Amino acid sequence: MSTSTRISILPFSPSTLPAETIPGIEVSIVLPTYNERENLPVLVHQLQSIMAGVSFEIIVVDDDSEDGTWQVAEKLRVLYPNISLIRRIGRKGLSTAITEGFLLGRGRYLVVLDADLQHDARLIRDMLEEIPKCDMVIGSRYTEQTGVPGWNSWRLKLSRAGTVLAQKALRQKVSDPMSGFFMIHRKLIHEVADQLFRSGYKILFDILQKRPDLKIRELQYDFKPRVHGASKLTAAVMLDFLDLLISRAFPARMNVQIVRYGFNAVTSLAACFIALYGLHVLLGQNYPLALAIATESALLSSYIVKNGWKAGPHGLPSPAWRKGLLRYHLACLLGSVLTVAVGWYLVDRGISWLPASILGIWVGMSCNQVTSRFLKNER
Ligand code: GDD
Ligand code: MN
């Protein structure tokens with residue numbers, strides 16, 4: 001008798017399933033990672049001892065880090081069977097990484113913390129004590145302490161200003177609405193997941209805004225300085241702050257993507273036209289060369305707005321940053337050549353430099369839009 005004749009397949013439908021969806025796991029710990037190969041194993045080891053006696057799982061959500069963090073997570077998975085890994089290809093961003101980790105989580109409660117050892121993982125035990133009495137527990141940096149070690153003064157000021165604005169935008173009183181460390185009931189995440197912003201990093205703020213009815217508790221912890229790796233949120237902090245300002249000014253829900261795209265477009269066009277005007281009109285430089293330099297200024301500006309400035313040793317840009325810049329230039333090469341060619345051709349035909357450049361830039365930008373669809377997204 002063949003195997004297929006021996007196996008009988010039972011009729012099955014959603015109504016046959018049990019009503020309860022919690023398979024005995026108390027808490028799922030989500031660790032978003034981007035280039036954290038040094039930090040991840042330390043944190044995972046810490047968590048195994050901190051969480052002793054609790055049924056828990058760890059979900060690492062890595063955005064295909066260039067430093068091989070996902071390979072480190074794979075090895076950790078051999079050591080500890082309670083680890084899962086989502087390796088996201090071609091998708092980046094802290095908010096969606098956390099959401100995806102949460103949605104995979106099987107625990108009664110879900111908690112997220114940074115994988116870079118800046119958050120005090122021991123707080124999870126205290127959070128677990130509090131969470132049955134409320135909807136969400138937030139690890140807060142500001143309830144008692146006044147500064148964050150390792151932050152320069154502008155980062156501190158931006159963070160402060162962002163926090164104050166965010167507090168004004170929320171109906172609940174929360175001392176650290178931009179915290180990246182919080183615990184929530186799993187069923188609540190499934191209720192809000194489809195309403196969360198797709199970009200940015202202020203997922204907590206987003207949840208609080210969507211659900212002003214949540215009962216919140218806050219626990220204080222010390223935000224530690226980073227030892228390995230670098231922060232990824234330097235430029236994002238500024239953009240999210242701008243986004244917050246705009247969403248305060250226009251209470252109707254604005255799409256964060258439009259704000260980012262608009263900010264990037266305005267700054268790179270400004271860089272381009274300032275360079276072109278300066279070189280061609282004020283200094284009398286020949287038009288095609290001026291337009292080529294102006295196009296380069298726009299590319300540089302756009303890359304810095306998207307990626308920030310990541311310093312490596314000796315204050316020079318880090319190797320990953322430079323590699324990204326090179327890739328970005330290659331991706332925009334055809335568009336840049338077209339910009340200069342179209343502008344040059346039109347000026348050659350007697351058209352004034354301004355309309356010629358606008359048309360050239362429009363053609364070049366459209367070309368970049370098309371090519372970027374075929375290439376992997378830059379961070
Ligand atoms: N998967 C994924 N994708 N992970 C990311 C990404 C991303 O695009 N960007 C950052 N991460 C991971 C980092 O690897 C780290 O584990 C964590 O998210 C926080 O990133 P950092 O780059 O270390 O953030 P930070 O220390 O500057 O910012 C802190 O303060 C913010 C408020 O100002 C964090 O605690 C944030 O969560 C917090 O919102
Ligand atoms: Mn950090």
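**View 1. Asp 116 and Gln 118 are both buried and sit at the manganese ion (ligand 2).** Buried here is under 20% relative accessible area, exposed is over 50% and partly exposed is in between, using a 1.4 Å probe and protein chains only. The ion is coordinated by Asp 116 (OD) and Gln 118 (OE1), at 2.0 Å. Donors are N, O and S atoms within 2.8 Å of the metal (3.2 Å for Na, K and Ca), and water isn't among the atoms, so sites may look incomplete. Keep in mind that this is a predicted model: local features need pLDDT of at least 70, side-chain atom pairs need 80 or more, and totals for chains, interfaces and linings use all residues. Residues are numbered from 1 along each chain as its sequence is written, ligands from 1 in the order written, with chains lettered from A, and side-chain values use heavy atoms, without hydrogens or water.

**View 2. Ligand 1 meets Asp 114 and Arg 226 through its oxygen atoms.** The distance to a side-chain N or O atom is 2.6 Å for Asp 114 and 2.8 Å for Arg 226. On its own, ligand 1 exposes 740 Å², and the protein buries 99% of that (Shrake-Rupley, 1.4 Å probe).

**View 3. Tyr 303 and Trp 321 form an edge-to-face aromatic pair.** Their centres are 5.2 Å apart, with 75° between the planes; rings pair if their centres lie within 6.5 Å, and planes under 30 degrees apart count as stacked, over 60 as edge-to-face and the rest as tilted. Tyr 303 is buried at 3% relative accessible area, and Trp 321 is buried at 5%. Ring pairs link these two and Tyr 328 into a cluster.

Notes:
A polar contact is a pair of N or O atoms within 3.5 Å; within protein, one must be able to donate a hydrogen and the other to accept it, and residues adjacent in sequence count only if both atoms are side-chain atoms. Rings of Phe, Tyr and Trp (its six-membered ring) pair if their centres lie within 6.5 Å; planes under 30 degrees apart count as stacked, over 60 as edge-to-face and the rest as tilted.
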